[in-house]
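Here are my notes on this model. Please read them with the structure open.

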Amino acid sequence: MHIIDIIEKKRDGKELTQEEIDFFVKGFTEESIPDYQASALLMAMYIKGLSKDETANLTISMLNSGEKMDLSGIKGVVADKHSTGGVADTTTLVAAPIAAACGVRVAKLSGRALGHTGGTLDKLEAIPNFNVNLSLDEFKKQVNDIGLAIAGQTLKLCPADKKIYALRDVTATVSNVSLIASSIMSKKIASGAPAIVLDVKTGNGAFMKKYEDSLALALEMVDIGTKAGRNVTAFITDMNQPLGRAVGNAFEVKEAIDILEGREKGDLFEVSIALASQMIFLTGNAKNYSEAVLKAKKSIGDKSAINKLKQMISYQGGDTSFIEDLNSFVETKFARDIIAKRDGYIGFIDVPKIGQASISLGSGRRKLNDSIDYKAGIYIEKRLNDKVFKGDVLMRLYSNNEAKFDEACFILKDTVNIQDGPIKKPKLIYKVIDKNGQRDF
């Protein structure tokens, strides 16, 4: 069997066998297949698409490329959550501590930035001395001890997905339903949690821009997880504007802390509460979803959620003192404003451009070995349907490198459309999908 034959077969739109997919995954993982041939096959998969069988087989191949986490020794029911990616999408840093404070054992393996979207690991590494590189034993012990751990994939767990994930990010092969579903579910199944909550984004800032594609992705992931014996729920949520107001690593950590401290609400708060509440319900820590919502909100009021986050930071080597001086934590040398050019209402926001502009300011990577300015980013002052006047600040840009502003401002040109009258804002949460079907939220 030769990789070039597999590339040609997929290029011509033919269905790959389990053996051919196994050959590719094993060869790329063990480095007998080079990046350029793996990139060619991923592009063929992206363009020609994958059948349900191919998607399932790719998931299985990546799942079997490494170890599977055994969480049976953890006391209590373990839950995991995952977002398909967006801008200012800081739900993990809000929902996970809330769920853990309510009795859920949260075992979360996270990734880095992908395309125009942020990565939870990059956000956590903005915290002084925070260690995302836990061994499997350290990870499981922490979940057992305090009920919450967020770490990166180890080299032993789904190593194929880790390599493919990084390659997709730099080869424009991200926004494909099957590649996303197999990537996410191979990690989720390998991670061992019996309860999984998925946040599937839809809209211009999501990888799945059409609602129908987001629905297809949610259904495919729930189906894969259910067949693997997991209790999976997927929410379809809106990404036609940044979910929170903060874009960039330190800024997003600050916003998550502001929510957990009870100082801030908004769309990020609402989606995080929904995700955390489902985790609480699925693990038997509430009789029903409504009771779970009450418990989730109570954990903010009684400070148990923010204390759980602090506990996790300390366990993973981080210094929590930054929480007492968040303004210094996000302070940069330079700032620049994007100004409204006319009166009106915010009618459209080009979300990917905001993510791209934040990366250009230094908050993300364009190449695998790029360094990050953890304090660089953007603060969104105005949101969809807000009334604005000429001269109002639409968003404020931050960086420690003044030379980066020109490119960021060029990217943001015409990113926000101001129209004469108000608009009907999109729903924040469209659907909830589980093994029993789909329903409106």
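Which residues have the most contacts inside the largest nonpolar core?

1. Ile98, Phe322, Ile354, Ile378, Met395 and Leu397 do, in a core of 87 residues. A nonpolar core is a set of buried Ala, Val, Leu, Ile, Met, Phe, Trp, Tyr and Cys residues joined through side-chain atoms within 4.5 Å. Buried means under 20% relative accessible area (1.4 Å probe, protein chains only). Helix α12 (residues 267-282) gives the largest share of this core, ten residues. Apart from it lies another core of 40 residues, including Phe207 and Val232.

2. The model is predicted: local features need pLDDT of at least 70, side-chain atom pairs count only at pLDDT 80 or more, and totals for chains, interfaces and linings use all residues. Numbering runs from 1 along each chain as its sequence is written, and side-chain values use heavy atoms, without hydrogens and water.

3. Take Ile378. Its contacts (heavy atoms within 4.5 Å) include Phe251, Ile354, Met395 and Leu397, not counting residues up to four places away in sequence.

4. Helices α5 (residues 91-101) and α11 (residues 249-260) have axes that come within 9 Å and cross at roughly 35°. Axes are lines fitted to C-alpha atoms over the stretch in contact, with angles from 0 to 180 degrees between N-to-C directions. Leu93, Val94, Pro97 and Ile98 of α5 meet Val253, Ala256, Ile259 and Leu260 of α11.

5. In helix α3 (residues 35-48), the buried residues include Leu41, Leu42 and Met45. The buried residues of α3 pack against α1, α2, α8 and α9. Gly49 follows α3, with a positive phi near 85°.

Technical notes:
Helices (H or I, at least four residues) and strands (E, at least two) are DSSP runs, numbered from the N terminus. The expected span of a helix is 1.5 Å times one less than its number of residues. Buried means under 20% relative accessible area, exposed over 50%, partly exposed in between (1.4 Å probe, protein chains only).
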